[in-house]
Protein chains: 4
Amino acid sequence: MDLPHPFESDGDTLHEECGVFGAIALDDAAATTALGLHALQHRGQEAAGLVSFDGQEFYARRGLGHVVENFSAAEDIAQLPGSMAAGHVRYSTTGGSGLRNVQPLYAELAAGGFAVAHNGNISNSLHLRRDLVKNGAIFQSTSDTEVIIHLVATSRYPSTLERLVDALRLVEGAYALIVMTPNGMIACRDPLGVRPLVMGRMGDGYVFASESVALDVIGAEFEREVDPGEMIEITLDGKMKSHRPFIAQNPRPCIFEHVYFSRPDSVFAGRSVYEARKEIGVELAREKPVEADLVIPVPDSGVPAAIGYAQESGIPFELGIIRSHYVGRTFIQPGDANRHSSVKRKHNANRRLVEGKRIVLIDDSIVRGTTSLKIVQMMRDAGAKEVHFRVASPPTAHSCYYGVDTPERSKLLAAQMEVEPMREFIHADSLAFISIDGLYRAVGAEKRNNACPQFCDACFSGDYPTTLTDATDREDPQLSLPVGKVA
Amino acid sequence: MDLPHPFESDGDTLHEECGVFGAIALDDAAATTALGLHALQHRGQEAAGLVSFDGQEFYARRGLGHVVENFSAAEDIAQLPGSMAAGHVRYSTTGGSGLRNVQPLYAELAAGGFAVAHNGNISNSLHLRRDLVKNGAIFQSTSDTEVIIHLVATSRYPSTLERLVDALRLVEGAYALIVMTPNGMIACRDPLGVRPLVMGRMGDGYVFASESVALDVIGAEFEREVDPGEMIEITLDGKMKSHRPFIAQNPRPCIFEHVYFSRPDSVFAGRSVYEARKEIGVELAREKPVEADLVIPVPDSGVPAAIGYAQESGIPFELGIIRSHYVGRTFIQPGDANRHSSVKRKHNANRRLVEGKRIVLIDDSIVRGTTSLKIVQMMRDAGAKEVHFRVASPPTAHSCYYGVDTPERSKLLAAQMEVEPMREFIHADSLAFISIDGLYRAVGAEKRNNACPQFCDACFSGDYPTTLTDATDREDPQLSLPVGKVA
Amino acid sequence: MDLPHPFESDGDTLHEECGVFGAIALDDAAATTALGLHALQHRGQEAAGLVSFDGQEFYARRGLGHVVENFSAAEDIAQLPGSMAAGHVRYSTTGGSGLRNVQPLYAELAAGGFAVAHNGNISNSLHLRRDLVKNGAIFQSTSDTEVIIHLVATSRYPSTLERLVDALRLVEGAYALIVMTPNGMIACRDPLGVRPLVMGRMGDGYVFASESVALDVIGAEFEREVDPGEMIEITLDGKMKSHRPFIAQNPRPCIFEHVYFSRPDSVFAGRSVYEARKEIGVELAREKPVEADLVIPVPDSGVPAAIGYAQESGIPFELGIIRSHYVGRTFIQPGDANRHSSVKRKHNANRRLVEGKRIVLIDDSIVRGTTSLKIVQMMRDAGAKEVHFRVASPPTAHSCYYGVDTPERSKLLAAQMEVEPMREFIHADSLAFISIDGLYRAVGAEKRNNACPQFCDACFSGDYPTTLTDATDREDPQLSLPVGKVA
Amino acid sequence: MDLPHPFESDGDTLHEECGVFGAIALDDAAATTALGLHALQHRGQEAAGLVSFDGQEFYARRGLGHVVENFSAAEDIAQLPGSMAAGHVRYSTTGGSGLRNVQPLYAELAAGGFAVAHNGNISNSLHLRRDLVKNGAIFQSTSDTEVIIHLVATSRYPSTLERLVDALRLVEGAYALIVMTPNGMIACRDPLGVRPLVMGRMGDGYVFASESVALDVIGAEFEREVDPGEMIEITLDGKMKSHRPFIAQNPRPCIFEHVYFSRPDSVFAGRSVYEARKEIGVELAREKPVEADLVIPVPDSGVPAAIGYAQESGIPFELGIIRSHYVGRTFIQPGDANRHSSVKRKHNANRRLVEGKRIVLIDDSIVRGTTSLKIVQMMRDAGAKEVHFRVASPPTAHSCYYGVDTPERSKLLAAQMEVEPMREFIHADSLAFISIDGLYRAVGAEKRNNACPQFCDACFSGDYPTTLTDATDREDPQLSLPVGKVA
């Protein structure tokens, strides 16, 4: 099976916004980081950056496009010397002006160089930015991450570590950070642990990554997850120290990492993602059974749940939709091409298989619903007799403010209507979602603890685990970012 | 499921060398052709070309890389006006010098422009070339296809159609051709029908494509296959005429199109490719059963056979290997990375699933065996207790001379050893291939008719359906192509 | 002083179409050729090509733009190994399709590789091309030079040298050629010697170049001009043989090489170009004196004649027009910019010098007259009291068919009107041209021998030294070249 | 004549570091600025930038290379809307990391956008930077100009104008600045007026430029120089106000603008640059006469002085050295090329003219002396009997700290030896420089007023008009700039 979502340019999917990777006390820190980032490519395909430190100087390179386009050549890596490196992959809007937002961000502070790679979202960054600018700070980017650097630069604490703690205490939202200073690397995760971050060992050195699969690919040993609220410091010569400078809270890791974001060969919150997804399929088959001839995944992300559904229901699993690797930009449409060809470039019905059959389609989620509609229609055009749609997550009815690119709430199909109108909208014979408790069971909990939920499931429940300062105070004109074309 | 083989840069797979597409009597001929070529991208990823004709002039564009990189933008298509167009995707060696070999080839003949796109291989092209050059012909490329043009240019027959017949009678080997002249399009297939070619209708116009999936994607109706030895002529205003100018022979379509080359959602030689592949898995489970816990495909091409194997054997189908979309060029290897990381960039073991299990791996073929070895080792490293390898084709022991890029015979593992030493070589607990009769059964025959085989299976059997003039006469120094760097 | 005309994109100048260079029996043939071509850059700025031969294979590289952009880097030159090389700079229309016309042209003939670089123009090439195509020849380019290759390829003579003679006997027009075969280099000049070609020695090797300055720049010794109608053959190991296979004619070297094309530090037809130009100024001062305060050259090509005019007349030479190096593509014009800013980007009046003065402007020629008009106006705007225009060549009233890019005759100002209306057109107080006999005196003859002119001066006299087959037979539709966009 | 120094890549010339241009209250502000910058291209060829403001937003584009490569196309200009724009051309070290130093620099301050283009050098920028960083400022570039922005951002004054005055009072050195804020444009010049800045009118709008020639080229009227210490404010609707916020000082404009930097068609400090240079030649002929046959300029910058020398001495002015336009990167040198070919690519002897003659070479200055040596040798190789070298400036014995890129003092030939050893070093028959009083006379003064010099002539005299804080305090390690490769 393939990894999820290489390019989904039609705005009808959720996008993880970032992946981070760091390596320290390793001879080939930059090459290791490049390979690790490559394994995290599915978390951000628009740009990649890498910063290294050789004991004297910092070196940085960034580029639009994939890791392989920017960091696979020996000459690229040769320009990133040293035994410490960190990198970042990013999903972002395209365009030349994007380059200044490509992370790791870097600044020369009074105490020396400071680089930071961030996965997550700071939900009060506009407020912090406004106050910093009033005091003379000059921002280089429109990235929320940059407020962390300015907060560190202007903190009154003596050491960089204390300044970073000072900065993060002012910050609200979700973050998994990898920071580099001339003394070493600091990896930390917000007190709720919304976004993932794992630690591995490689010889005498350490590596950090957004997902465990990156450790597999580079050949490192998985050590453990960085704990929510933990700040791990590694010196240049490989000494490790763990700090817990924040007030302890109940963790709320993002449940959608299991549903969609993480690679199926990653382990998240102690559980195999593949297993969780297959189990979601099993739960779904129990909760929402249907009589049919074939179980068909919407490739690729629907595959594990479809296997689970098929195994539990006894209906055969078949590839009724074939997906092309060679997607990317939109083609100019010939006038005679039929209405669904943009979907067909990616997904094509396996007509001979589907003809005359009752099918169960399994997809990971419904966002706007436009793709689901096209896929149902494609199956009917191919001769399917009945099309039953089963979704491996509860209805997505709320926006994410913690680092996932969701459409505005008003564009989410589930924010506008109940399940039955949704079924009508996508023209399915039946439509059903896994229940929220079913989802919790599939990922290993008994059920959702509503008093103190075990995960962040705000996109389904609307139950946001932090305040959302910027979002609730959007009217202040001073909070708007410059929208000019200054690169 | 995804399509087979986006990039396999390690030389351990077989490569289809080309795909062709043509459109005539269509308002958006070039846009339609671009989209059709895109659906054939898996047949050739190194270069793409497109030629159009607007009733007055021919227009051509070619580029290295994918169709989407060269022909998706409106401004690219705007430079290819007219209601007739043909295109080609090519697998070839990289490098700047390649551009002159990118098809469709085009020449100004005395009767006007002449463009040709070719899938296949002319097995006496070096002999023909030598004779043409002796008579003053000047070749632009090192492509075998160019001999067809020179044979047409120097033929003594009056009309272009007759000149083309004259030329093809001198040609030995396999070809599916799309030709454009100022009068219209000619599509034809060699008398054995080794390489595929289908015809479709779109409004009042016609389209031709290497595989039926291209018709689905552009929204055309499948009409029928072009018959072996048939030459179909379509005038600019859409009149169709069929010619059969060659001596009739028993068809021998390439059986490997079923095993590997064609997209699973194509229909080839009257049979769904997906169905054929699944049936191969079923046959394999009957012929070569084994006790195990999981059936695991080597993604992506092994998936349908694995589904068939699982259904027949009752052993659960599971994704034990996760494949990354984001492959491409080789990364510089960090010194500490373990020995299998180059495979791991593409394929990663789903460790939690595999640990402690007896697994059956299903792959489409074994070429050199090096990838198979790495994958078996990867599964063992991930904790698999037993690794049984099942191959969805008979041993590949002979080179192809009909348009598939195979290693020299001496590099084919099955040309060097029997099955048991192969098993040792790849370190599997057991190894088995489908039988040649099993394969024939799976694709719809009762068994192989050895007196008059229904398919070309020379890569398995060594039974080549044509003479191989160049290959048997390699010593003639005048037959060698120039190897300089003249672009 | 600077060299003439780096970019004159407004069509109001004459353009040399090519420069050629060859080196044989030299260790660094390609590097020497690149440097030699660079010294000939003023003869063609649009594209450059280089072919080398290492005793086994030919290697070729071509590119749009200047020599320095394509052939200055060590890695470019490393791809052109061997002790024989030839190169070409070309003035041509821009655009991607141009690349196939970039010389040296190369073909694989039955006797081996054949490369040719050509300066000049074949005035019956369309007729020859039509006949070759009728016999099955396939042309790669729209270059007139390619007919030479096809004539060689289809000649019935046994040796390549004899085939080349056979081909050139069929050719009408002007050519200075450098040919490479696996046996060595052949340099030759048409029987009239219209276009220049010189030979130099460098160690044990030989070099050929369009102008002697290329020999100075690479550090070679000037040996002699290649004679009109001479064909010089040099073997790979440096043996030289001279052939004179054509019927002897009185030479007619292009007199415009003295007026404008050649670099002033070149020696052409036995005379220093700088000296000739200065002498033209002296003659002009004698023939067409005027009372004035300053002699001002139109830079850069008018400078030597202006020095001569000033020395002869006693009027001081001054830089009243300053020229910018940084020209090139046209800028978008701000609406408020005054009407002459496109000229001003190149030429700006030295206002403080010119104000209130009577000036004599010296330019090399008047083509369409539009630039002359703008320059006269610019001097008036800067305050000049009187503007007298003196031209260092006779009126240009006829097109060139021998390798110089002239506008159609109807666009030549001197083809439309006498001198007095031309004066009115450019708004000068007086206008005068050197006489044709004055020009002949300046370049070293006593006067023009009208019975048997010593130079080709057809652009002034209309006296063409060859027949002009294509030009007199333009109506034949079969003579037109394809104008599509086939690259 | 051509403009000075398009590319002098051998480090043996002085380089102006920048040119600035601004336009306000003009419909086509960006197009006008692009054309104006193009006229200033000789002041900086490595990079160019342009910022515009449309009343709402700022827009910026920057690029390595020439103005024409980045700002000539309609689509480039279309991205820079608005009626106010400023631009900058820069001489700098090459490389990707350079882009962040390309001006105008831009920042979002609390009061809105702030852009600045600077010609000059701040001689205490490292001290200022250190203090700003200590207080939490984060620098984006290594440009000295950025300290101005941070000083403005952190100033305690209320208005941007006052903040800018506050900032510039802390700054030491030379500057001609163009600043843009949402309210309009501010142009100002340091109290000594070291670097030039002129003001022009164009319809109802204003333009500012480093040199008057830019006004000629865009078709604006020259209004006056911006006075030393003057700050001119223009509102968006074209209202002008002049401020003089600094303590008055005696002006010290850079005398080298007359000798070399400015275009000869510019007017600087009230005097035509061409006239000044010719007058230098006249003075030089009087002070340092010699018996000779020809006066030969080292092109192009030596031409006006050579004309003056020739007119005063009566010795004929001749082009004994021909310069190629087509320079640029270094070519790989063929082994057989003689030792001076790198000079020969740029300068070639006009051998026929020079042979057997006694010549006077006129050059603008001697920096390291290596080029002078090669040129003298080239003239001897061409057969010159005697070579007399005359220099149009006094010996350059001191580095510049005000915006000109000079080699370290130890590399300046005149810092190491007297005139007679210099003559020996360059192998001339005689060598003489203009005296400092001669130079002052030529530019219009009676003589140098040693108590209060009329110009900055520190490169000749070592008499620096400001303190040089950074240069005298280099040891402080905190003053060093980061030298890593952080782009």
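Visitor: Where in chain A is A:C459 found?
Guide: This is a predicted model. Helices here are DSSP runs of H or I, at least four residues, and strands are runs of E, at least two, both numbered from the N terminus. A:C459 sits in helix α17.

Visitor: From where are residues numbered, and which pLDDT do side-chain atom pairs need?
Guide: Residues count from 1 along each chain as its sequence is written, while chains are lettered from A and ligands numbered from 1 in written order. Side-chain values use heavy atoms without hydrogens or water, totals for chains, interfaces and linings use all residues, local features need pLDDT of at least 70, and side-chain atom pairs need pLDDT 80 or more.

Visitor: Is A:C459 buried or exposed?
Guide: Buried means under 20% relative accessible area, exposed over 50%, and partly exposed in between (1.4 Å probe, protein chains only). A:C459 has 12% relative accessibility, so it counts as buried.

Visitor: Which residues does UniProt list with A:C459 as a "binding site"?
Guide: The listing comes from an unreviewed UniProt entry. Positions follow the numbering used here, feature names are shortened, and annotations may be inferred rather than shown by experiment. Besides A:C459, the entry names A:C254, A:C400 and A:C456.

Visitor: Why do these residues gather at one spot?
Guide: They span 206 residues in sequence. Yet they gather at one spot, because no two of their C-alpha atoms are more than 10.2 Å apart.

Visitor: Which listed cysteine does A:C456 contact, leaving aside neighbours within four places in sequence?
Guide: A:C456 lies in the loop between α16 and α17. It is buried, at 8% relative accessibility. Contact means heavy atoms within 4.5 Å. Among the contacts of A:C456 are A:R252, A:Y402 and A:C254.

Visitor: How far apart are the C-alpha atoms of the other "binding site", A:S301, A:D363 and A:D364, at the largest distance?
Guide: UniProt lists these three in an unreviewed entry. They spread over 64 residues of sequence but cluster in space. Their largest C-alpha distance is 7.1 Å.

Visitor: In which strand is A:D363 found?
Guide: A:D363 is buried, with a relative accessible area of 9%. It touches A:S301, among others. Its strand, residues 358-363, is β20.

Visitor: Which residue's side chain does a polar contact of 2.4 Å join to that of A:D364?
Guide: A:D364 lies in the loop between β20 and α13 and is buried, at 6% relative accessibility. A polar contact is a pair of N or O atoms within 3.5 Å; within protein, one must be able to donate a hydrogen and the other to accept it, and residues adjacent in sequence count only if both atoms are side-chain atoms. At 2.4 Å, the partner of A:D364 is A:S301.
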